Amino acid sequence: MNVLPNSDGAGLRAAARRGLRRGRDFVDETPPDALVTVTVAAVSLLAAFAGFLAASSLTAVPFAVFLVATGYGWLRHQELTARVLTLTTTVSTILVLGLILVFIFAEAWPTVQYATVNVFGVPIPGLRLFIETRWSPVTPPIQYSLVPMIHGTVLVTIIATAVAAPLGVAAALFLSEIAPKTVREVVKPGVEILAGIPSIVYGFIGFTILSPWAADQFDIVGQGTYLFVGIVVGLMALPTVVSVAEDALNSIPESMKSGSLALGTTDWQTMTSITLPAAFSGVSAAVLLGVGRAIGETMAATVMLRGSPGLTKPLYNVFYGNDTLTSLIAANYGDADGLQLSALFVAGVILFVTVLFLSIGSQYIEARMRQKLGGAD
Amino acid sequence: MAGATKSELVSEDTSDTEAVAAGAVGLAAVLFALSLAAMFELVTVTDPIAGVPMVALLGGLLVLLGLAVIGFGVGSRLGYVATNPRPTAGLVASGAFALIWFVVGGLVASQTLGLGTAGWVVASLVAGGAAFAVSAVPREDIGSTLPAGARAAFAGIVFLTGVIGPSWVWDLGWEQQASFNAEFTIPILTAFCSLLVGWAAAKAYGGFGARGRHIGAYVLVYLNALSIIAVLFLLVAFTVLKGLPGLFNSLAFGAGVGPEVTLVGVTFSLPVSWPFVMNGVALLNDVNGVLPAIAGTIWLVIGAVLFAVPLGVGAAVFITEYADRGRFTQVVEIATNGLWSTPSIVFGLFGLAFLVPRLGNKKSLLAGMLTLGFMLLPLVVITSRESMLAVPDEYRDASAALGVTKWQTIRSIVLPAALPGILTGIILGVGRIAGETAPILLTMSGSVAPPGSQTVDVVGGFQFSLAPPFVTNPELMRATSALPYQLYSLITAGVGQSSNIGAIDEFRWATALILLVVVLGFYAVGIATRYYFRSKLQHE
């Protein structure tokens, strides 16, 4: 521990000592049979989890022990058992995120390793996935390039954001600042229901109505355009932007707005010069979350796109739609195995990590804004 | 400031000019509606309306509208119309106009005049710069009307002179062919110009200045809200109209017409026969139905709720009531928010990698339930936590003052008070997962059109044995269908796989409708619950 600066080391040690003391106090204060019950429950649950991980047929045994132990604990020591149970549920929530990370990374690894390239003698795993431009999992030369799908996802996301961001922020302004109460009572559930329409229904309408119409309007060969997938996905991301941006706008203290209005400004002047600037970070967090939704949207893209990985020609040709990362997974998981399946997991990793960063980024922005507006939290 | 500008409190003489501006706004709205109708081919651009060809009509109206707005601006500048303009139209408006005219200049130079790259760049810069100067330098009344009106008038002249006529086509010349034709370009240009002029006219109606900007902006914001609701209404109405015939095909009421069911040992026939929701797909069926998919969806939702709700509520209780605010609660919050925004297909991949190999190595209903449970979990945590935080601390303090333990406080005070919020969150979350396709696609999807005999019967499927794993349920362990997956497979299925189904289009739309009804039903119940409890709280 001598790597750490002195103060940190001391702090850590103090924290550890405090933790130990608290632990010892807990053991001292708790009746022994309660302690035993909780320990048995914890150990058996861990064993059940390990059994499940190992796909053992005996998983049911420790799980039954866990149930019996918690049942006993619930009857005799409800206070402690409730606390431990809720702690367990909390830990398992975090565990789910951890498991997702571990499992999709583990499944993705073979292809990443397969696509290793030596740059000046330094092996860089996975580089070949991004420098080739051909997805060809069956016909040699076998290549698992994700570039066409990333290109598709980027195009769709840009178009979707261009639709969802301005319309969503305007709708949020409308709901939070402009609309009379009766109108808001109609529009707000409407926006929520827009979020409720299943993505496959959007996709179905896009597939049967929009795609043929677009093919006809733009004299395109075949059906499936990034442009209209982007518009549909933008519509689906719209409710996310609206609700998060509306929360941000609502969090601006009424006194700030009243102060501005008291100076004789119009409502619109107050919005553009007080409310929007003050809520700017919250609104941008909303847009970030909307972008995350757009990136991860699967079914509409799968149904409406052509499913033939490749770059459009020229690259900014949005009238052709080949494949996105999400639609690649949904359309190909069935007949994929080995490295190809693993390549689909790489696509999943890219999606997961990108959206996770967007989510964390927007949470950070929101936390900053809350701090700024509300003082110390 | 009160005496700085002299303005009449009651401005009677402006009512005529206000009427002109209001008329321009109205005309722009008509034009916008007309262009939408043309875009969706309710009227074609070659159709004559009242003896005038559509293109000429649109062009004429655009010129008229443009000139009216310019006239209003010039009239205001010359003092014929009483307004309160600012010294300039503002940077945002100027920038937007510059961009619009930059595009116009470039397109005219490169496409109509056929100039090369250097030519169109120069033309674009000249047009954009001129528009910027015109809108930024003069007073606001000129600056916000002239570029907009000129844009509309220019588009109108282009339509009237036939530069963009009914047979106009612009082949983009890309390697993958795509082109703009008149049937798309004319309506979209008209719609854009009418929005632009409508905004300028609304500003003029408000007499420019702060009030004008206020009205101009409100027109656009209201239009935006209106169009969102219109799109929602169109989507739902369209699905309902297309789906109804298939949904109620051969619906019959009467004693004994329905299929036989056995309840508590008594067998009787249902008094209603609704083939679409009571049949599977079979060669000999008169009307094919989606019963297995409906049963699958119901069981999926039940399984996901049983898995996610105890976990989610428990986690919310711990981080809200037990844990001190600090690193740990922060990590939990970040993790739940991260899980909430994780794409559904990633959950599917996770189910494929984690659950499928451990649950009999094949797709199964149970794997689908758990995958959707993972998706539901963060939603339950977030909404439960929010509604527990909303319970006032006074409640907790009062309970603690009575000397009861923390868990008793939680159980008898916090949870009951937070229950409405938790319920609403769960219902809305269930609505969301009931419509999810991607996760179950990878974890539980079965055949394209399952026959009625494949309807899952989870309750009857439990088997107990003395050998490990002691409890088995083959119904849970086999692949089945669910409504969203059924719709997806019907869309993507080849002709051969769906040949059992006669009227495939009707069948698809009816499936889409019943999915929509199920999901929006959950949403309606959730939203209604929220309103009910909110109004109850307000009455207290």
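How many residues of chain B are in contact with how many residues of chain A? In this predicted model, 81 residues of chain B are in contact with 84 residues of chain A. Helix α8 (residues 209-247) of chain B puts in the most on chain B's side, with 16 residues. That side of chain B splits into 57 nonpolar, 18 polar and six charged residues. Here's a rundown of the rest, by topic.

**Chain B overall**

- Chain B has 18 helices and 10 strands.
- For 540 residues, a compact globule would come in near 24 Å for the radius of gyration, but chain B sits at 32 Å.
- Some 45% of the 540 residues of chain B count as buried.
- Take the contacts in chain B between residues at least 6 apart in sequence, and 73% of them join residues at least 24 apart.

**Chain A overall**

- Chain A comes to 15 helices and four strands.
- Its radius of gyration is 27 Å, well over the 21 Å the globule rule gives for 377 residues, so chain A is more spread out than a compact globule.
- Along the principal axes, the C-alpha atoms of chain A fill a box of roughly 80 × 70 × 50 Å.
- Of the 377 residues of chain A, 46% count as buried.
- Among contacts in chain A between residues at least 6 apart in sequence, 70% link residues at least 24 apart.

**The two domains of chain A**

- The domain assignment gives chain A a domain 1 (31-113) and a domain 2 (135-374).
- There are 37 Å between the centres of these two domains of chain A, taken over C-alpha atoms.
- Seven residues of domain 1 of chain A are in contact with nine residues of domain 2 of chain A.
- On the domain 1 side of that meeting in chain A, you get five nonpolar residues, one polar and one charged.

**Nonpolar cores**

- The largest nonpolar core has 189 residues, and those with the most contacts inside it are Ile104(A), Val232(A), Val241(A) and Ala347(A).
- Helix α10 (residues 291-322) of chain B is the top contributor to this core, giving 18 residues.
- There's also a second, separate core of 46 residues, which includes Ala28(B), Phe32(B), Ala155(B) and Leu195(B).
- Back in the largest core, Val241(A) touches Ala164(A), Ala165(A), Gly168(A), Val169(A), Ala286(A), Val287(A) and Gly290(A), leaving out residues up to four places away in sequence.

**A closer look at Leu377(B)**

- You'll find Leu377(B) in helix α13 (residues 365-389) of chain B.
- Leu377(B) counts as buried because it has 26 C-beta neighbours inside 10 Å, and the cut-off is 20 or more.
- Setting aside neighbours within four places in sequence, Leu377(B) is in contact with Thr93(A) and Val96(A) from chain A, plus Ala308(B), Leu311(B), Gly312(B) and Leu339(B) from chain B.
- Leu377(B) and Ile426(B) are 49 residues apart along the chain, with 9.5 Å between their C-alpha atoms.

- Helix α8 (residues 199-217) of chain A bends by about 40 degrees at Gly206(A).
- After α8(A) comes Asp219(A), with a positive phi near 50 degrees, even though Asp219(A) is not a glycine.
- Most residues other than glycine have a negative phi.
- Asp219(A) lies in the loop between α8 and α9 (226-250) of chain A.
- With 15 other C-beta atoms within 10 Å, Asp219(A) is partly exposed.
- Phe208(B) isn't a glycine either, yet has a positive phi of about 55 degrees.
- Phe208(B) belongs to the loop between α7 (182-205) and α8 of chain B.
- Is Phe208(B) buried or exposed? Phe208(B) is buried, with 29 other C-beta atoms within 10 Å.

Conventions. Residues are numbered from 1 along each chain as its sequence is written. Chains are lettered from A and ligands numbered from 1 in the order in which they are written. This is a predicted model: local features need pLDDT of at least 70, side-chain atom pairs count only at pLDDT 80 or more; totals for chains, interfaces and linings use all residues. A nonpolar core is a set of buried Ala, Val, Leu, Ile, Met, Phe, Trp, Tyr and Cys residues joined through C-beta atoms within 7 Å. A residue is buried if 20 or more other C-beta atoms lie within 10 Å of its own, exposed if 12 or fewer, and partly exposed in between; C-beta atoms are placed from the backbone. Helices (H or I, at least four residues) and strands (E, at least two) are DSSP runs, numbered from the N terminus. Two residues are in contact if their C-beta atoms, placed from the backbone, lie within 7 Å. The radius of gyration is taken over C-alpha atoms; the globule rule is 2.2 Å times the number of residues to the power 0.38. Ala, Val, Leu, Ile, Met, Phe, Trp, Tyr, Cys and Pro count as nonpolar, Asp, Glu, Lys and Arg as charged, and the others, Gly among them, as polar. The bend at a residue is the angle between axes fitted to the seven residues ending there and the seven starting there. Domain bounds come from an automatic or database domain assignment.
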